[in-house]
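I opened this model to look up its helices and its cores. My entries follow.

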Amino acid sequence: MTPRTSFLFSFAEKYTLLVLNTAGAMVLARLLTPAEVGVYSVGAVLVGLVQVLRDFGVGAYVIQEQELNRDKLRAALSVSLLVAWPLALLVLVASWPAAWFYHEPRLRFVLQLLSINFLLIPFSAVALPYLRRQMRFRSILAINVSQCVAQTGCAVLLAKLGWGYLSLALGAVAGAVATLLTTLYCRPRDLPWLPSWRGVRQILSFGTISTAGTLIDEAGVAAPDLIIGKLAGVAEVGIYGKAMGVINVFNQLVTAAISPVIFPLFSAQAREGRDVRRAYLTTVSYMTALAWPFFGIVALMAQPLVRLLYGNQWDAAVPLIRVICIGSALYSMFSMARYLFVAMGEVRAQARLDAFSVPVRVAAVLAAAPFGLYWVGWAVVVGALFRSGLTYFYLRRLTGLRIGDLAGATWRSVALAACCLGATVALQR
């Protein structure tokens with residue numbers, strides 16, 4: 001499959017998921033209260049942290065490994081099983097102290113249900129990155145769409161039947177089952193079925209460094225939800241989650257569609273000794289051309305967007321959205337740097353970047369949380385500004401990238417954003 005066709009299927013997948021997820025979120029936002037959504041959000045964030053350990057760098061290893069053979073694929077399957085099943089037990093056991101810590105008994109049932117996913121995930125953990133390495137995005141589209149349909153459909157049905165917060169957790173389990181079944185149908189024929197211990201040490205070595213950085217980064221993403229849940233309450237977590245839901249539409253529309261293709265392309269260019277700096281600047285020019293008009297328009301239209309998507313009960317998310325758009329727009333220049341560093345074999349550099357930037361984000365959110373969600377939004381912006389500056393430092397050191405290069409790649413995006421925002425302001429009058 002050519003890169004152009006790969007992008008086509010990747011965008012088709014993400015846009016389909018966006019439509020399904022948005023429709024599901026609109027229905028669920030009217031069937032569930034902020035507190036019910038917040039309980040599940042806290043559980044999902046906690047499980048998301050554990051999910052980073054579950055992968056343990058297996059996906060990135062399969063995509064970037066220069067000489068991938070059958071033995072290495074069997075070793076990757078062994079690592080997936082070795083890590084995921086103990087984590088299922090960990091999530092199950094941790095459900096009791098987590099519920100105690102947040103003074104929320106319902107959280108225990110959410111975590112117990114989500115622990116089931118860790119038993120199912122290893123069977124698709126190698127197949128999905130292997131399909132991405134082969135640029136078989138038609139199969140990935142089928143797998144991810146089936147997961148989304150099962151999860152959203154189950155959650156909406158159960159919410160209508162009055163299952164409340166449990167409808168979201170049971171929907172996630174239904175999605176994991178659908179992923180497993182569709183992956184078994186689409187899996188490549190040359191992918192081995194049985195695990196092997198030969199080569200496990202190499203993957204564990206790669207995964208330790210890769211996972212350390214990813215776990216720290218995920219902790220930074222999860223920090224606002226966890227801190228808000230402890231210092232403010234689960235209803236505020238629900239409001240913050242809805243604000244991020246609007247912001248993350250861009251990730252679903254663009255970032256999540258581009259990154260599955262960009263990572264293998266960066267890896268291929270690095271293996272062939274080509275100019276990865278030029279490839280990165282091209283990516284930045286496209287990303288900002290989409291991101292800057294998007295976040296500008298979302299900031300201007302936040303209130304009608306929230307009311308359209310979620311209803312009036314979520315109006316408290318509006319000022320939060322407007323603030324966070326600032327940081328998201330800036331960071332769009334650097335969002336693909338992670339894939340470039342890993343493709344270049346600079347996993348340690350990416351881990352160091354995460355280790356330095358995440359504590360700043362967490363400290364800012366901790367300082368801001370007692371003053372309300374609006375200031376949490378500014379804390380998130382501070383974290384994005386610091387991470388952007390640090391990412392530029394590593395890009396300059398590893399690829400020779402300069403500020404002038406970024407300016408040359410983004411000046412058209414500035415002009416496009418100005419035109420789009422000007423038209424939006426004119427239409428509002």
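**Entry 1: Val 173**

I started at Val 173, which lies in helix H9 (residues 165–186). Helices here are DSSP runs of H or I, at least four residues, and strands are E runs of at least two, numbered from the N terminus. This is a predicted model: local features need pLDDT of at least 70, side-chain atom pairs need 80 or more, and totals for chains, interfaces and linings use all residues. Residues are numbered from 1 along each chain as its sequence is written, and side-chain values use heavy atoms, without hydrogens and water.

Is Val 173 buried or exposed? Val 173 counts as buried, because its relative accessibility is 13%. The cut-offs are under 20% relative accessible area for buried and over 50% for exposed, with partly exposed in between (1.4 Å probe, protein chains only). I then listed what Val 173 touches: Leu 113, Ile 116 and Asn 117, leaving out residues up to four places away in sequence. Contact means heavy atoms within 4.5 Å. I also checked Gln 151: its C-alpha atom is 7.3 Å from that of Val 173, at 22 residues along the chain.

**Entry 2: whole protein**

I count 19 helices and 0 strands. Of the 429 residues, 55% count as buried. Among contacts between residues at least 6 apart in sequence, 84% join residues at least 24 apart.

**Entry 3: cores**

I looked up the largest nonpolar core, which has 117 residues. Such a core is a set of buried Ala, Val, Leu, Ile, Met, Phe, Trp, Tyr and Cys residues joined through side-chain atoms within 4.5 Å. Tyr 240, Tyr 280, Phe 295, Ile 321 and Leu 395 have the most contacts inside it. Domain 1 (3–224) and domain 2 (235–428) both give residues to this core, so it lies between them. The domain bounds come from an automatic or database assignment.

A second, separate core has 9 residues, including Met 135, Phe 137, Cys 186 and Val 261.

**Entry 4: helix pairs**

I took H17 (residues 347–368) and H18 (residues 373–399) next: their axes are 8 Å apart, at an angle of about 160°. Axes are lines fitted to C-alpha atoms, for helices over the stretch in contact, and angles run from 0 to 180 degrees between N-to-C directions. H17 is therefore roughly antiparallel to H18. Angles over 145 degrees count as roughly antiparallel, under 35 as roughly parallel, 65 to 115 as roughly perpendicular, and the rest as oblique.

H14 (residues 302–309) and H15 (residues 318–331) cross at roughly 125°, with axes coming within 9 Å. That makes H14 oblique to H15. Ala 302, Gln 303 and Val 306 of H14 make the contact with Val 318, Ile 321 and Arg 322 of H15.
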